[in-house]
Amino acid sequence: MKRPVLRVVGLSILGLVLVAGFVLLMVRSGPLAPVRVTIAVVERGAFENAVFGVGTVEAERSYAIGPTVPGRVLAVHVDVGGEVRVGQLLAEMDPVELDARLSASRAAAARAVHALEVARAQVRDAEVRQDLAGRNARRYASLGEQAFFSDAAVEAKRQEADSAGAQLQSARAQLDAARMDVERLDAERAAAERQRANVRLVAPVAGVVTARDAEPGTTLVAGQSVLRMVDSASVRVRTRIDQGRSGGVRAGQAAAIVLRSRPGLALPGRVTRVELNGDAVTEERIVQVVFDEAPTDFAFGELAEVTIVTTRGGDVLAVPGAAVHEYEGRRGVWTIADGAAAFVPVRTGETSLDGRVVVLEGLQAGERIVVHSERELEAGDRVSAAESLVAVRR
Amino acid sequence: MISLAGRDILHHWAKYVFTGVGLGLLIGVTLSMAGIYRGMVDDAQVLLRSSGADIWAVQQETLGPYAEPSNLRDDAYRAILGIPGVAEASNVTYLTMQIRQGERDVRVMAVGFEPGRPGEPPFLVAGRRIARSHYEVVADVRTGFRLGERVRIRRHEYEVVGLTRRMVSSSGDPMVFLPLKDAQEAQFLKDNDAIVNERARTASNPALNRPGVPGLLDAILASQTASRSVNAVLVRVASGHEAEQVAENIRRWKHLEAYTRAQMEEILVAKLIETSARQIATFLVILAIVSAAIVSFIIYTMTLGKLRELAVLKLIGTPNRTIAAMILQQSLGLGLIGFVIGKTVATLWAPYFPKYVLLLPGDAVRGLAATIVVCAIASLLAIRVALKVDPATAIGG
């Protein structure tokens, strides 16, 4: 009788353990189990917000240097990467007939100067002639009154004097014309010289050559470039920032620039301008960020990640962004009341780059809120706090 | 009053318990199979739930974005926002791709979404939401990515800033959420070699690279690399408006296809996973029949094993009812042990399946009812044999 009793007790205990384990398992896992969550305490503290954008390194002032008229490239004196001074000769276009035209124009100008001398001499000659003819006419007139000469002779002398006056006038006019000719030919010579100088392509500013688009012998139309250069003092990062986050960006704010070639290194910079023209298609704002100290080795067109510090607050109520949810059309956070989830609507402000969200109203410092949860919460869900939800789960 | 069934079980308890355990494992497999089926349907539905949309606007004449490819311009959402009854509309892209993680490839569905709009992961289990407009991702834990890990998607490296759970595509691939613009690039921008080749091809076309038109080639090249497409626009309907009405407006005036949640569920559950779900369901039915057959055989052989004892019982005048009750009780007991063990093992091994296994309490209750019914029916055969035993065999040998 002893053994059956023992067996009954043993089996009962085994059965109880099995049932207890089963019940425990059903309650602890599966749909009946409480939702495991992580908890955070709402705190007041420093809040620093920043916006993030992706940009390309560009020179704000870049120059395409090319001829103003069609022509052939004669020589290119600099190469890509070359530093150039203001006014330095970079390239020359083939002048073709310009040199001949310039010497023709110079000769014409010199000839005009001589023609001016001739005109002056003619004026002097005409003055002398007029003077003599005038005096002769007066003399004949007085002697004519005393009847030494016939009227015809007197009138002939007067006509001579008038004619000499007209000749003087003509000579003076010719002198004026010759003077004008000198001016015209001078101007023409200057124009030819300017045209000749125009085939010399010089650097408009100090900078660096970024591209050599044409080699000697290439024929270009007006507007095509031989060389391209940039003003190396105007290097900046043209940053594109999502419109939705660009609200706080102002000129003068500090920025950190990470070039793609050096992912670990943040270079300090500054916002110089927030462009008025945004990009309507990509819905981005364009912000110019300049390096505090331009790096020496970079490439134009290089991708850069820019973080701009926009606001700093000292005593701000903020919660992790993962805690803010949309529930039944309202924004809010989940809190725990008597082991069950309860939704508290809040009004939120900006979101910082580390994912924290400013709470404007609806929460007090010290309240405990749900940050992460195993699934989407519903009001009244039983929850249990856990240190972390990831390590345990696969 | 002593329990005949209990006494008999005590007599052969080891055999009884091990039979129960064996049966339990079989029931566990059946429950898991039901769980796999439920998981499959749930995978399809979770995709819809997680997107948080009431209407999917996709390319005309397609079943997109999940069942068929769909492409629309990324400014289509602005036009949709103007339709009465639309509370929110946002662009979203879906792309199934392989992501390299160390030595292995992870198959994921990359979802491009706009932070703060429909389509973003509704909850996280670790980390934070995406705060930058580029180069950050939130991944499902099943991808195996860890917080802070850097993963390469096409040409950029992304940092895993948050982890979520149960965010899978309809085929069960875990999701990776990334900012829309990055996702557009990943989907539509070609690799570097392709871009360089394409540029050379364009430049060698004399019609596009004309000496007299400076800038033409650059303009054409720029237009080739721009990507302005998304796969769908998710629409949230304002309260007080009928989703079907809004969808009809989108269909009629915007020349897009629009699916409400019910229609989308129909596409996903009825069309996309239909054959595989039916496959599982067929197998589930076969398993249930096999389990029932095995239970009845076990009870039957157990009864055959104690025919002599039954004859003795009959000889001493035990009523038939008592004998029948004993066999029924033993059969039900076996079923209960089997169910408890089956449910336990199914729960324990469910997380180790590569795809999601959803064990619904309703299914468990149904399983319990089925087990009891099957056990009761199975015992009928054994009861019939027991009642036909001739008491004379007890002494006759």
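Student: At which residues of chain B does UniProt place the feature "domain: ABC3 transporter permease C-terminal"?
Tutor: The structure is a predicted model, and the feature name comes from an unreviewed UniProt entry. Over the stretch concerned, chain B is 82% helix and 0% strand, with its end C-alpha atoms 45 Å apart. UniProt places the feature at residues 282–391 of chain B.

Student: Which residues of chain B does UniProt list for "transmembrane region"?
Tutor: The listing again comes from an unreviewed entry. One of the spans, residues 16–37 of chain B, is 100% helix and 0% strand, with 32 Å between its end C-alpha atoms. Another, residues 364–387 of chain B, is also 100% helix and 0% strand, and its end C-alpha atoms lie 34 Å apart. UniProt lists residues 16–37, 280–302, 323–352 and 364–387.

Student: What distance separates the centres of domain 1 and domain 2 of chain B?
Tutor: The domain assignment gives domain 1 as 4–44 + 275–396 and domain 2 as 60–189 + 227–255. Taken over C-alpha atoms, the separation of the two centres is 47 Å.

Student: Which element of chain B gives the most to the side that touches chain A?
Tutor: The contact takes 38 residues from chain A and 29 residues from chain B. Strand E8 (156–164) and helix H11 (320–349) of chain B each supply at least two residues of that side. With four residues, the element that gives the most is H11(B).

Student: How do the residues on that side of chain B divide into nonpolar, polar and charged?
Tutor: The residues in question are the 29 that chain B brings to the contact. They divide into six charged, seven polar and 16 nonpolar.

Student: What percentage of the residues of chain A count as buried?
Tutor: A residue is buried if 20 or more other C-beta atoms lie within 10 Å of its own. Applied to the 394 residues of chain A, this gives 27%.

Student: How far does helix H2 of chain A reach from its first C-alpha to its last?
Tutor: Helix H2 of chain A covers residues 98–145 and has 48 residues. At 1.5 Å a residue, the expected reach is 70 Å. The helix comes close to that, with 69 Å.

Student: Which helix of chain A is included in what covers the buried residues of H2(A)?
Tutor: The buried residues of H2(A) include Ala109(A), Ala112(A), Ala119(A), Val123(A), Ala126(A), Gln130(A) and Ala133(A). An α-helix has 3.6 residues a turn, so residues three or four places apart point the same way. What covers these buried residues includes helix H3 (151–198).

Student: Which residue just after H2(A) takes a positive phi?
Tutor: Helix H2 of chain A spans residues 98–145. Just after H2(A), a phi of about 65 degrees is taken by Ala147(A).

Student: How far apart are the centres of domain 1 and domain 3 of chain A?
Tutor: Chain A is divided into domain 1 (51–59 + 233–312), domain 2 (62–91 + 200–229) and domain 3 (98–198). Taken over C-alpha atoms, the centres of domain 1 and domain 3 are separated by 73 Å.

Methods
Residues numbered from 1 in each chain as written. Chains lettered and ligands numbered in written order. Predicted model: local features only at pLDDT ≥ 70, side-chain atom pairs only at ≥ 80, totals over all residues. Contact = placed C-beta atoms within 7 Å. Nonpolar A, V, L, I, M, F, W, Y, C, P; charged D, E, K, R; others polar. Domains from an automatic or database assignment. Buried ≥ 20, exposed ≤ 12 C-beta atoms within 10 Å, placed from the backbone. Expected span 1.5 Å × (residues − 1). UniProt positions renumbered as here; feature names shortened; annotations may be inferred.
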